[in-house]
Amino acid sequence: MLRYAITDRTRFAGDEQERPAALVRNATRWAAEGLDFIQLREKDLAAGALAALARKLLEALSTRDPAPRLLVNSRADVAIAVAAAGVHLTAAPGELMPGQVRRLYAAAGLPEPIVSVSCHTLDDVARAVSPEPGAGASLILFGPVFEKRTGTEPIAAGSGLDLLRSACAAAAPTPVLALGGVTGANTAACLAAGAAGIAAIRLFAQ
């Protein structure tokens, strides 16, 4: 089972010096627990601060071999600057595509990146996968399966396991990770629906 943690430094107590430090400590624990992927999702940070945090996370994750792979949300420039393992994208029309990210990495002389793509509908999945070599996502994060949250409060019900099952079938052979309200109690149901693993903020921040 693949495990994919998504960062949110606002979940930690303290100021803007203390919260990133707490996140880095959490990353050391993720490495010790053998998680597969970490998505750096601090969207409000400027490029310089995001790159600095990414470097600290890479150092923390390197305490395990093999280390969890760090993906930077939406910022291919920052991911390339710090030589992160890849980038996370959305499936929205007009957004950067996986093939474009791979060409940017190749131009920078870096190994082929992992590109995860968040999808909410079967149309999103269709855009994220591609029969053309190198053009599709490496991983799909599909959700919200159980619920959607803003901060600590649920704001909408999830799309359910049946749609997750359809997304997994539509994406095959691209791995799909269940996202949105995933817990230890419902993980088995996600895997039974065809998911290759789970992605979460709260579950892994505990």
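Contact here means heavy atoms within 4.5 Å. With that settled, I looked at the chain: residues 24 or more positions apart account for 60% of the contacts with a separation of 6 or more.

Ground rules for my notes. This is a predicted model, where local features need pLDDT of at least 70, side-chain atom pairs count only at pLDDT 80 or more, and totals for chains, interfaces and linings use all residues. Residues are numbered from 1 along each chain as its sequence is written, and side-chain values use heavy atoms, with hydrogens and water left out.

Overall fold. I find eight helices and ten strands in the chain (DSSP runs, H or I of at least four residues for helices, E of at least two for strands, numbered from the N terminus). Along the principal axes, the C-alpha atoms fill a box of roughly 40 × 40 × 30 Å.

Burial. Of the 206 residues, 45% are buried (under 20% relative accessible area, 1.4 Å probe, protein chains only).

Then I zoomed in on N73. I see N73 in strand β3, residues 69–73, and N73 is buried at a relative accessible area of 10%. Setting aside residues up to four places away in sequence, N73 touches Q39, L40, R41, K43 and H88. The side chain of N73 also makes a polar contact with the side chain of S74, at 3.5 Å (a pair of N or O atoms within 3.5 Å, one able to donate a hydrogen and the other to accept it; residues adjacent in sequence count only if both atoms are side-chain atoms).

Note on methods: Buried means under 20% relative accessible area, exposed over 50%, partly exposed in between (1.4 Å probe, protein chains only).
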